[in-house]
Amino acid sequence: MSFRVPRRTIAAFLGPAVAALAIVGIVPLLYAVWKSLHYFNLTKIAQQRFVGLDNYWAVLTDPVFWQAMGRTALLFAIAVPVQIALGLMIALVLHRPGLSLWKTLTRLSLVLPMATTYAVVGLLAQVMLNQKYGVINQMLGWIGIDAINFIGDPTNAFIAVVLWDIWQWTPFVALVLLAGLSTVPPEIEEAAKLETKSNRTILRHVQLPFLIPSLVAVLILRTADTLKLFDMPFTMTRGGPGSATEFIAVLIERVGNRQFDIGMAAAQSIIMLAITIVLARLYIRLFYREVR
Amino acid sequence: MAAPIQRRNLWGEALLLLLICLFCVFPFYWMVTTSLKTQVVALESPPVWWFTPTLANYREVLFIDKVGPALINSIIVAVCTTALAVGLGTPAAYALARFEFRGKTDLWFWFITNRFVSPVVLAFPVFLISRELGLRDTHLALILMYLTFTLPIVIWICTDQFRSVPPELDEAALLEGASQWRIFRSICLPLAMPGVAVSSILSFIFSWNELLFAYILTPKAAKTAPAMAVTFMEGYDVPYGKIMATSTLIVVPVLIFALLASRHLVRGLTMGAVK
């Protein structure tokens with residue numbers, strides 16, 4: 001039910017929010033586009049000049065940029081399937097009736113990792129994964145595995161980021177899928193349980209169709225958040241050793257903040273933004289169809 | 001007849017639940033215990049599980065290493081941006097829920113799209129602009145930048161909430177001659193308080209957790225706690241106990257809020273696609 005009201009009233013209600021978001025969201029963006037067309041290095045301000053699309057060409061032909069993109073994609077390709085598999089398992093356990101007090105407690109503890117300050121998650125990794133003093137290596141020792149140099153070795157550092165991403169976001173995936181499971185009408189689920197004893201058949205033919213929207217939401221949001229991923233690898237490894245954990249947002253921060261090449265960083269971030277907007281449109285089209 | 005089987009399943013299930021809880025909670029346990037260790041104990045190899053706890057790390061980070069002021073900066077920024085987002089966002093949400101106008105869908109999409117934009121895209125232009133305007137290293141710069149994610153959250157959740165307020169109330173008030181603003185302020189906003197509360201908590205959590213803008217925009221005076229925690233990693237002798245004490249101070253308020261709003265956290269993170 002909607003009301004027709006004078007334009008002036010609408011503007012008065014919406015104007016401040018729209019203006020605020022335009023100032024903080026769009027003005028800097030336009031400024032970034034403008035700077036991306038310049039050679040602009042904070043240490044060589046005098047040499048600032050208009051270079052057209054040169055920065056974009058440099059980024060698109062820059063192996064370092066594509067390596068960072070590839071690394072980001074690899075992180076996504078390894079971590080997200082694991083998160084979905086584990087998350088689905090957790091969601092199915094929580095969805096079963098019984099033990100309700102335990103399940104409430106579990107659900108509360110699942111909330112903790114995703115709310116934790118991402119920077120602290122990276123610091124925790126530093127402490128827990130340390131080769132000599134880390135508790136994870138102590139635990140590996142209990143089952144007869146030699147201490148692993150997680151942070152200092154390029155491959156291991158990448159694996160450590162993957163593991164930590166799995167720790168932080170599996171609970172999120174589990175809760176999203178649990179919400180999806182609760183959309184299955186109980187009478188359909190009951191009827192299916194009378195028909196078959198196989199949980200897998202029920203999952204495949206009864207629950208999965210209802211889970212598709214949640215799975216799509218997980219895929220798109222995890223893609224967007226992996227592209228954004230900065231805090232955790234930054235506090236954990238600073239993108240290193242070498243560039244082993246330099247994901248796309250970490251690379252852009254390094255180029256802009258530590259090489260002071262703002263023009264180049266702007267071009268990189270605009271290219272990333274283009275990818276992001278395609279994703280966002282897709283997400284919105286899939287999930288907000290009912291909004292007029 | 002199937003009781004014994006069911007009981008056995010329950011034990012297995014309880015064990016599984018316990019494992020899930022441990023998986024989630026153990027890092028926090030380790031964080032808190034490490035924060036209570038002296039540097040000597042923290043650097044024992046293999047790590048020790050039983051030791052005499054000390055609050056020395058907390059004393060040191062709070063009063064010597066300026067984590068205290070950083071926490072105050074964090075509180076100022078998170079509270080102000082949340083208040084601003086609620087002040088600007090609730091009228092907008094009301095308009096989106098109640099009024100009919102052209103371009104409404106596009107506006108709505110634009111608000112949601114902000115959920116996807118990486119802060120690294122905006123950080124450098126804002127760094128340059130804030131330097132020009134003399135806003136570098138001020139709370140205001142961060143408060144304004146955090147609107148890019150707090151405002152969409154407030155608008156999304158409150159629009160949903162206003163839709164659930166019966167429009168007949170508005171109609172009745174209109175017939176009585178009340179202005180739209182008065183209807184919003186005196187009738188709908190009080191009824192939408194649950195949504196306002198949830199979106200305030202989520203705004204607070206997301207602002208409190210933010211690192212990238214803080215790291216780039218507030219190098220000294222207005223530095224927030226996460227940006228402060230990062231600086232401990234610089235240097236050779238990594239002070240584990242102090243880092244974990246700082247981490248605990250940062251994380252505890254957020255976790256309390258997260259537990260308060262636990263039912264809505266996922267809703268906030270997915271911008272409402274998942275209820």
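Tutor: Between them, chain B and chain A bury about 9,400 Å², where buried area is the accessible area (1.4 Å probe) that two parts lose on being put together, summed over both. Carbon and sulfur atoms account for 78% of that area. Three residues, B:Leu17, B:Phe116 and B:Phe124, supply 8% of what chain B buries against chain A, more than any other three residues. The contact involves 108 residues of chain B and 98 residues of chain A; contact means heavy atoms within 4.5 Å.

This is a predicted model, in which local features need pLDDT of at least 70 and side-chain atom pairs count only at pLDDT 80 or more, while totals for chains, interfaces and linings use all residues. Residues are numbered from 1 along each chain as its sequence is written, chains are lettered from A and ligands numbered from 1 in the order in which they are written, and side-chain values use heavy atoms, with hydrogens and water left out.

Now chain B itself. It has 14 helices and zero strands; helices (H or I, at least four residues) and strands (E, at least two) are DSSP runs, numbered from the N terminus. Of the 275 residues in chain B, 57% are buried, that is, under 20% relative accessible area (1.4 Å probe, protein chains only). Among contacts in chain B between residues at least 6 apart in sequence, 75% link residues at least 24 apart. The C-alpha atoms of chain B occupy a box of roughly 75 × 75 × 30 Å along the principal axes.

Technical notes. Buried means under 20% relative accessible area, exposed over 50%, partly exposed in between (1.4 Å probe, protein chains only).
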